[in-house]
Amino acid sequence: MNPAVPADLLALFGHFLLLSLLSIGGAITVAPDMHRVMVDQMGLLTDAQFNASIAIAQASPGPNVLFVAVMGYQAAGLAGAAATLFGIMLPSTTLALAAARWAHVRREWRGVQAFKAGMAPIIVGLTFATGWILSVKVPGWSHLLLTIGAALLVWRTRVHLLWLVATGALCGALGWV
């Protein structure tokens, strides 16, 4: 781990601010540019450290963006982790919050209602596609019954989603799915 140099931390923070607005599809989509800056230009990480940072974070539970904090930590300790993580999260989080507040204030506008109504089937379709991709290669049918049962419970009752997640985990631990 290299000592934290304020100019390097500021440069990392600024670069990750810009990358945040380009990372459509998640932070992993701009990893090549992170490599270019942190390994090739600034020399803060080796290729092995960069690859290990992504591997460690992807193997850990939690959001995929954790690899950014791991890279920052490897480059410059806690200050590096804060610079990279806040840099990548601040613009996209601020933009999402501003858009949500703007739409909430204007929720009666016809355009906002049309946007929400148009996005709902897209979100349902993308969620269904993700579920299909995750389940299509799994042998058997018990996981499909569990999925259909959970979907029906969500649709027809007020059962909290965490109970359904816990039930799915229990079924998996018992080897039922």
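## Conventions and model

A crossing of two helices is called left-handed if the near helix is turned anticlockwise from the far one by less than a right angle, and right-handed if the turn is clockwise. Helices are DSSP runs of H or I with at least four residues, numbered from the N terminus.

The structure is a predicted model, in which local features need pLDDT of at least 70 and side-chain atom pairs count only at pLDDT 80 or more, whereas totals for chains, interfaces and linings use all residues. Residues are numbered from 1 along each chain as its sequence is written, and side-chain values use heavy atoms, with hydrogens and water left out.

## Helix 2 and its surroundings

Helix 2 passes helix 3 in a right-handed crossing. The two pack at an angle of about 145°, with their axes 10 Å apart; axes here are lines fitted to C-alpha atoms, for helices over the stretch in contact, and angles run from 0 to 180 degrees between N-to-C directions. Ala31, Met34, His35 and Val39 of helix 2 make this contact with Asp47, Phe50 and Ile54 of helix 3, where contact means heavy atoms within 4.5 Å. By class, the residues of the contact of helix 2 with helix 3 are 5 nonpolar, 1 polar and 1 charged (Ala, Val, Leu, Ile, Met, Phe, Trp, Tyr, Cys and Pro count as nonpolar, Asp, Glu, Lys and Arg as charged, and the others, Gly among them, as polar).

Within helix 2 (residues 31-41), the buried residues are Ala31, Met34, His35, Val37, Met38 and Val39; buried means under 20% relative accessible area, exposed over 50%, and partly exposed in between, with a 1.4 Å probe and protein chains only. The cover over the buried residues of helix 2 includes helix 1, helix 3 and helix 4. Gly43, which follows helix 2, has a positive phi, near 65°.

## Helix 3 against helix 4

Helix 3 (residues 47-59) and helix 4 (residues 66-105) have axes that come within 8 Å and cross at roughly 140°. That angle makes helix 3 oblique to helix 4, given that angles under 35 degrees count as roughly parallel, over 145 as roughly antiparallel, 65 to 115 as roughly perpendicular and the rest as oblique. The crossing of helix 3 and helix 4 is right-handed.

On the helix 3 side, the residues that meet helix 4 are Gln49, Phe50, Ser53, Ile54, Ala57 and Gln58, and their counterparts in helix 4 are Leu66, Phe67, Val70, Met71 and Gln74. The residues of this contact of helix 3 with helix 4 divide into 7 nonpolar, 4 polar and no charged.

## Helix 1 against helix 4

Helix 1 (residues 6-22) packs with helix 4 at an angle of about 40°, their axes being 7 Å apart. This makes helix 1 oblique to helix 4. The crossing of helix 1 and helix 4 is also right-handed, and the residues of their contact comprise 16 nonpolar, 5 polar and no charged.

Two residues give a local view of these helices. Thr84, found in helix 4, counts as buried at 0% relative accessibility; leaving aside its neighbours within four places in sequence, Thr84 is in contact with Leu12, Phe16, Val68, Ala69 and Gly72. His15, found in helix 1, is buried with a relative accessible area of 18%, and, with neighbours within four places in sequence again left aside, His15 is in contact with Asp33, Arg36 and Val37.

## The aromatic pair

A search of the whole structure finds 1 aromatic pair, where rings of Phe, Tyr and Trp (its six-membered ring) pair if their centres lie within 6.5 Å, with planes under 30 degrees apart counted as stacked, over 60 as edge-to-face and the rest as tilted. The pair consists of Trp102 and Trp109, whose ring centres are 5.7 Å apart and whose planes lie at 85°, so the pair is edge-to-face. Trp102 is partly exposed, with a relative accessible area of 43%, and Trp109 counts as partly exposed at 48% relative accessibility.

Glu108 is found in the loop between helix 4 and helix 5 (110-135), and counts as exposed at 62% relative accessibility.

Ala114 lies in helix 5 and is partly exposed, with a relative accessible area of 48%. Ala114 and Thr29 are 85 residues apart in sequence and, C-alpha to C-alpha, 30 Å apart in space.
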